[in-house]
Amino acid sequence: MRYEHVCIEAVSCILPPHVVTSDEMEARLAPVYERLGLPAGRLELMTGIRERRFFDPGTLPGTISALTVNRLLDQAQFDRKYIGALFHGSVCRDQLEPATASGVHHAAGLPHQALVLDISNACLGLLNGMVFLANMIEMGQIRAGVVVGTEVGRDLVEGTIEDLLNDPTLTRKSIKNDFASLTIGSGSAAILLCDRSLSRTGHRLLGGNFQTDTSHHELCAGGVEAQKHGDHRPRMQTDSESLLVAGVNLAIPTWEATKKTLGWNNADVDRVFTHQVGKAHRKLLLDQLGLNPELDYPTVETLGNTGAAALPMAWALGIENQILKEHDRVALLGIGSGLNSLMLGVQW
């Protein structure tokens with residue numbers, strides 16, 4: 001994928017108001033820890049996650065996504081009349097039908113002449129949305145578009161804690177598949193892409209590459225099983241260790257293909273933003289790709305794993321904290337369960 005006419009005009013995020021520490025979560029799980037002989041502090045020690053954030057109970061993703069889109073367009077002072085597509089790309093959606101993007105489009109007051117739909121691809125939904133928008137802009141089908149997504153992880157985490165407390169068959173081995181669910185946080189992000197002729201920033205999306213290894217599609221699976229769990233909150237089972245290795249193994253050829261597409265080598269990269277999973281994932285990923293960890297902008301320690309919003313939230317916060325300089329070459333390194341990897345290059 002190579003683009004000549006696509007600019008990234010703005011990236012924005014919204015952080016939830018409620019902070020929940022790993023210590024607080026482990027205090028709730030104290031009976032389980034005591035029965036299984038697990039040491040306190042295990043969650044933060046293994047993941048590096050000190051805390052994560054949640055929205056108010058019952059908050060719908062689309063409600064927050066609408067706020068994020070309005071903030072994005074207002075901050076960029078971008079005329080809504082040019083928006084030709086709106087994609088909603090988070091794992092979490094308001095309902096099965098209609099598309100969550102429909103309500104967001106209405107709340108943001110976007111044009112009727114717009115393509116509106118949801119994109120679902122685990123933690124890559126927003127990056128996939130960027131590619132679809134970029135393709136449409138490059139082909140002249142639209143002049144600008146927005147991809148947005150909001151992850152609301154409270155129900156998943158709360159449901160997992162209750163399951164663990166009420167499972168008398170739980171063992172040190174079986175709890176491992178629930179561990180990743182305790183790393184989940186909430187958040188929202190949106191990205192505005194436009195044709196170069198409309199851009200006032202000149203931040204160019206250069207292109208990228210993607211690869212997949214679907215032989216590992218069962219390593220992480222989530223959904224609603226009301227008959228099994230007695231409620232409609234989602235649950236997730238994750239083989240974290242296998243997923244870590246398989247994901248990084250897929251990232252290696254994706255990064256090599258991306259560099260070839262862009263004509264880059266590692267020395268050309270000034271900043272990277274990665275999917276925020278945990279400290280072990282970040283270390284192994286950057287080590288295997290041969291990238292200096294100091295180029296990364298980690299947020300997982302305070303936000304947890306926020307799914308499809310994780311990488312763009314880190315990117316938005318990095319922009320807000322002015323870590324990007326003019327002419328920086330920025331690598332967006334995406335990995336999602338399935339397994340899929342998508343990596344993009346940006347000229348700031």
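This is a predicted model: local features need pLDDT of at least 70, side-chain atom pairs count only at pLDDT 80 or more; totals for chains, interfaces and linings use all residues.
**Asp287 and Lys283**

The side chain of Asp287 meets that of Lys283 in a salt bridge, 3.0 Å from N to O. Lys283 counts as exposed, at 55%. I place both residues in helix α11, four residues apart, about one turn of the helix.

**Other salt bridges**

How many salt bridges does a search of the whole structure find? I note 13.

I checked Lys259 and Glu256 next. Their closest N and O atoms are 3.2 Å apart. Both lie in helix α10 (residues 240–262), three residues apart. Lys259 is buried at 11% relative accessibility, whereas Glu256 is partly exposed at 44%.

Then I turned to Arg204 and Glu4. They form a salt bridge, with 3.7 Å between the closest N and O atoms. Arg204 is in strand β8 (residues 204–212) and Glu4 is in the segment before β1 (6–14), so the bridge ties together parts 200 residues apart in sequence. Arg204 has a relative accessible area of 18%, under the 20% cut-off, so I log it as buried. Glu4 is partly exposed at 39%.

I also recorded a network of salt bridges that links Glu162, Asp163, Asp231, Arg233 and Arg235.

**Aromatic rings**

I found three aromatic pairs in the structure. In one of them, Phe78 and Tyr82 have ring centres 6.1 Å apart and planes at 65 degrees, so I call the pair edge-to-face. Is Phe78 buried or exposed? Phe78 is buried, at 8% relative accessible area. Tyr82 is partly exposed, at 27%.

Phe273 and Tyr297 also pair edge-to-face, at 6.3 Å centre to centre and 65 degrees between the planes. This pair links distant parts of the chain, 24 residues apart: Phe273 is in strand β11 (residues 271–274), and Tyr297 is in the loop between α11 (279–289) and α12 (300–303). I have Phe273 buried at 0% and Tyr297 buried at 19%.

One ring carries a charge. The charged end of Arg42 sits over the ring of Phe179, 5.9 Å from its centre.

**Helix α5**

Which residues of helix α5 (residues 100–107) are buried? I list Thr100, Ala101, Val104 and His105. Down the axis of α5 they fall within an arc of 135 degrees, so they line one face of the helix. I see them pack against α4 (61–76), β4 (83–88), β5 (115–118) and β6 (144–151). Just after α5, Gly109 takes a positive phi of about 65 degrees.

Methods. Residues are numbered from 1 along each chain as its sequence is written. Side-chain values use heavy atoms; hydrogens and water are left out. Rings of Phe, Tyr and Trp (its six-membered ring) pair if their centres lie within 6.5 Å; planes under 30 degrees apart count as stacked, over 60 as edge-to-face and the rest as tilted. Buried means under 20% relative accessible area, exposed over 50%, partly exposed in between (1.4 Å probe, protein chains only). Helices (H or I, at least four residues) and strands (E, at least two) are DSSP runs, numbered from the N terminus. A charge sits over a ring if NZ of Lys or CZ of Arg is within 6 Å of the ring centre and within 35 degrees of the ring normal. The arc is that of the directions from the helix axis to the C-beta atoms. Contact means heavy atoms within 4.5 Å. A salt bridge is a side-chain nitrogen of Lys or Arg within 4 Å of a carboxyl oxygen of Asp or Glu.
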